[in-house]
Amino acid sequence: MRARHQIGVLGTVADRFLVPDNHLGRATVSSIAVAREVAAMGGRAIACINSRDRNVLGFRRDLLTAAAYGVDSFLLVYGDRPDLGQRSDDVSVRRMMEEIRTYGSSDVFDGCPPFEVGVTTRLTEVAPFKHAADYCVTQVSHSIDELARWRDATSFDGPVYAGLMVVASAAMARRLGVESPQLAVPPWLVERVEADPAAGVEAVCDLVAAVHEHGGFAGAHVIAVGRYRDLAARLEATGWARTARPARTTTR
């Protein structure tokens, strides 16, 4: 019910919806199953696939399930360390890409559209094997200058999407800085959000516009956190409705 509500609210400002995988290492409903629900509501879905919890046989099962459900777009990620136990390294992002290009295009999938494969990258040099992906999504950044410097120095043949995140609270910002230093929120933004919780949404909307203005990105991937209603309302109010928007925006 919550996912369906988010799709309904964000449908006017987002072209696609990324369905996250179980990033905390806990059992959840498959992202492929949720992606099917998104499609049933008229949305276009990308199923995030986490390499941490899979082996080759399990991943092939995922591909068969995706084909049966009509899910043909993936974002492949390495995955965080699980809360309990150890991660499985039987399948890497590189191996998942290889499986999609080989097993995923075998006779078993005759009559199915080819799978679209996306990868993520930090704001450093893109790993050589990732250049075989169809599109690329950057790690979250809170700075258009940082994103622009990276994009201007980076060659990638497919579309590149800037990763953005709504800072919902000052507490969240400080926690991010401790848990994931590469996602640290700049002090000025922490102060703004502490004074006004709506400032996080405002800052992301400004970044969406700046990413489009830069011209080197195909669009923005925005993690709305719990502020999806405010995000949709502000993007619509600033003229970023889907019917008028020239660049793709995804959200999760």
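This is a short tour of one predicted chain, stop by stop.

Residues are numbered from 1 along the chain as its sequence is written. In this predicted model, local features need pLDDT of at least 70, side-chain atom pairs count only at pLDDT 80 or more, totals use all residues, and side-chain values use heavy atoms, without hydrogens or water.

**Whole chain.** Select everything. You have nine helices and eight strands. These are DSSP runs, numbered from the N terminus: helices are H or I, at least four residues, and strands are E, at least two. Of the 252 residues, 47% are buried. Buried means under 20% relative accessible area, exposed over 50%, partly exposed in between (1.4 Å probe, protein chains only).

**Colour by pLDDT.** This is the predictor's confidence in each residue, from 0 to 100. The chain averages 88. Now select 243–247: pLDDT stays under 50 there.

**Helix α7.** Select residues 187–195. Which residues of α7 are buried? Leu189, Val190 and Val193. They cover an arc of only 105° around the axis, so they sit on the same side of α7. The arc is that of the directions from the helix axis to the C-beta atoms. Turn to the other side: Pro187, Glu191, Glu194 and Ala195 are exposed. Next, show α6 (170–179) and α8 (199–214); the buried residues of α7 pack against both.

**Arg151.** Select helix α5, residues 144–152, and find Arg151. Arg151 is buried yet has no salt bridge. A salt bridge needs a side-chain nitrogen of Lys or Arg within 4 Å of a carboxyl oxygen of Asp or Glu. The nearest side chain of opposite charge, Asp152, is 6.9 Å away. Lys and Arg count as positive, Asp and Glu as negative; His and the chain ends are not counted.

How values were computed:
Contact = heavy atoms within 4.5 Å.
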